[in-house]
Amino acid sequence: MESAKIDPDPESRGEIYRHTVTVRVTHWLNVLFLTFMLGSGLQILNAHPSLYWGSRSDPQAAWLEFSAYQTPSGELRGHTRLFGGEFDTTGVLGASEGPEGTLEQRAFPGWATLPSTRWLAMGRRWHFFFAWLFVINGLLYIVYIITAGHLRRDLLLRRTELKGFGTSLLQHLSPRRLRAEAASGYNPLQKLSYLGVIFLAGPLIVLTGLTMSPWLNTVFPWLLDLFGGRQSARSLHFLVAFALVLFVLVHVAMVVVVGPLNQLRAMIIGRLRIEGDKG
Amino acid sequence: MKKARSTGGRRRFLRHMGGLSLLPLLSGCDGLSRTEWFPRLLARAETLNERLHHLLASRTSMAREFAEADLSPRFPSNGTRFPIDADYQQLVAAGFFPWRLEIGGLVEHPMRLSLDELRAMPARTQITRHDCVEGWSAIAKWRGARLAALLDLARPRPEARYVVFYCFDTMDRSGAKYYESIDFEEARHPQTLLAYDWNDEPLPVPYGAPLRLRAERQLGYKMAKYIDRIQLVERLDDIRGGNGGYWEDRGYEWYTGI
């Protein structure tokens, strides 16, 4: 609709109108807000870099723990324990370079946290401020895709797609096929991952976050039961954030495979060039 | 030597990877964090959260209580574990016998109470989860005098709005001692106690002997340990750093419901 005013017939120039202005704006705001949430979230995690199941955090019961220890020769080593497996993660997890260029004990390194130095109070400020903007932006997006028909038209799987889903899985992974399909819309795997992020990961990360608030526990005690206790909610919050990071990595990789400039341009100005129609 | 080089290489590689992403944006945020205005803008969310939380909860919305079987096998002690202050150590040596809780400020009836007198006050026992701002949680059983009952005895003046707890423990080289504050809604909450027992024994020193605050809808740093005296006040901005607590004066939120 928006493009009609600017460009009466984009297809005549080998372009289709792919992303409406609402989708584009909420997308880039989401990139910004999620980056702040991830950085400040890791800052908060660094204050107690161990994760547990249940209500309590018994020191021996952590399923994931980042720590540092000193070798007999005085060298600092970063250490990650995951389900009882022990890994040396010096330089990245457990111990990483501080501002002075020497190794310091720190679960996630300074380049991944906000602020980059150890500053829990400031990390919490960023996190609880941008949580509001993240939620408002997400809700606006969800209301928009439902009311404007984007959800039904472009994101929900069609009956035919559901039928042939198993057999078509592998075909969808070939780069050439992906490029060819990009013009006609989202492929079924893509639709599923978008739906998972919008309707599963999004609500989950918000609800697990709320479950960590002792005050909100008194208002919504059922959230504690739903997630199995405050420390379980904290673990799930981290795992969903991790899943979102994986999604972004795959998402960006797909953009690179399919045509980074064309796709990036489409998410900025809205119009996608169609390969076959190019001069 | 060889080892150090290889980690250096890995770090360089990761930094290059970071350069491709939004991570440099994060370091740009360090500058914003050190300005005067930006953290103040961020703190607006704190006011919003506090207001919304109070809208959602009734004045007496209760924190979950647990069973004996849920008690933490080892309850952590955070912040001060043993105050170095001479006056406190003399009290420890005397078994807290000379200690008196002073309740003053904006009250009609200032009081000085011994531990025995506090133990004779209306009490409550509760097994609750303690959540630290760092992220850990531990469960313990607390018994103490209901702060609401003490306030009824002291008779707050109409202008009193906050209850301030002054503590024995010196926190740092500047000589600053711990203090905290809560509003009247929290002070009158049924689960808000001045606790003198922990897991059926007299409150041990690492957990705040002889008396600590329990405010079960809040984070751990709100629950002042080693209480020396209590003052009722109208405003917090003329007390010490002006933010209502030791950690609040160092950038942490006054509202600790999150």
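Predicted model: local features only at pLDDT ≥ 70, side-chain atom pairs only at ≥ 80, totals over all residues.
On chain A, 50 residues are in contact with chain B, and on chain B the partners number 62 residues. About 4900 Å² is buried between chain A and chain B, and carbon and sulfur atoms give 62% of that area. Three residues, A:Trp111, A:Arg125 and A:Trp215, supply 17% of the area that chain A buries against chain B, more than any other three residues.

How many salt bridges are there between chain A and chain B? The count is 3. One salt bridge joins the side chains of A:Arg124 and B:Glu253, at 3.2 Å from N to O.

Next, the inside of chain A. The chain is divided into domain 1, covering 2-49 + 111-277, and domain 2, covering 50-107. Taken over C-alpha atoms, the centres of domain 1 and domain 2 of chain A are 30 Å apart. Contact between them involves 17 residues of domain 1 and 16 residues of domain 2. The area buried between these two domains of chain A is about 1400 Å², with 56% from carbon and sulfur atoms.

Between domain 1 and domain 2 of chain A there are 0 salt bridges, but 9 residue pairs are in polar contact, both at pLDDT 80 or more. On the domain 1 side, the elements giving two or more residues are α2 and α11 of chain A. The largest share, 8 residues, is from α11(A). By class, that side of domain 1 has 5 nonpolar, 9 polar and 3 charged residues.

On to chain B. Its secondary structure comes to 8 helices and 10 strands. Of the 258 residues in chain B, 53% are buried. Among contacts in chain B with a separation of 6 or more, 69% are between residues 24 or more positions apart.

Last, some local geometry. Most residues other than glycine have a negative phi, and most peptide bonds are trans. Here are some exceptions.

The peptide bond from A:Leu114 to A:Pro115 is cis, with omega near -10°. A:Pro115 sits in the loop between β7 (103-105) and α3 of chain A. In chain B, the bond from B:Ala209 to B:Pro210 is also cis, with omega near 0°, and B:Pro210 is in the loop between β8 (201-202) and β9 (212-214).

As for phi, B:Phe96 has a positive value, near 65°. B:Phe96 lies in the loop between α5 (86-93) and β1 (101-105) of chain B. Is B:Phe96 buried or exposed? B:Phe96 has a relative accessible area of 11%, and the cut-off for buried is under 20%, so B:Phe96 counts as buried.

B:Arg240 has a positive phi as well, near 45°. B:Arg240 is in the segment after β10 (227-233) of chain B. With a relative accessible area of 45%, B:Arg240 is partly exposed.

Terms used. Residues numbered from 1 in each chain as written. Chains lettered and ligands numbered in written order. Heavy atoms only, no water. Contact = heavy atoms within 4.5 Å. Buried area = accessible area lost by both parts, 1.4 Å probe. Salt bridge = Lys/Arg side-chain N within 4 Å of Asp/Glu carboxyl O. Domains from an automatic or database assignment. Polar contact = N/O pair within 3.5 Å; in protein donor to acceptor, adjacent residues only side chain to side chain. Helix = DSSP H or I, 4+ residues; strand = E, 2+ residues; numbered from the N terminus. Nonpolar A, V, L, I, M, F, W, Y, C, P; charged D, E, K, R; others polar. Buried < 20%, exposed > 50% of the residue type's maximum accessible area, 1.4 Å probe, protein only.
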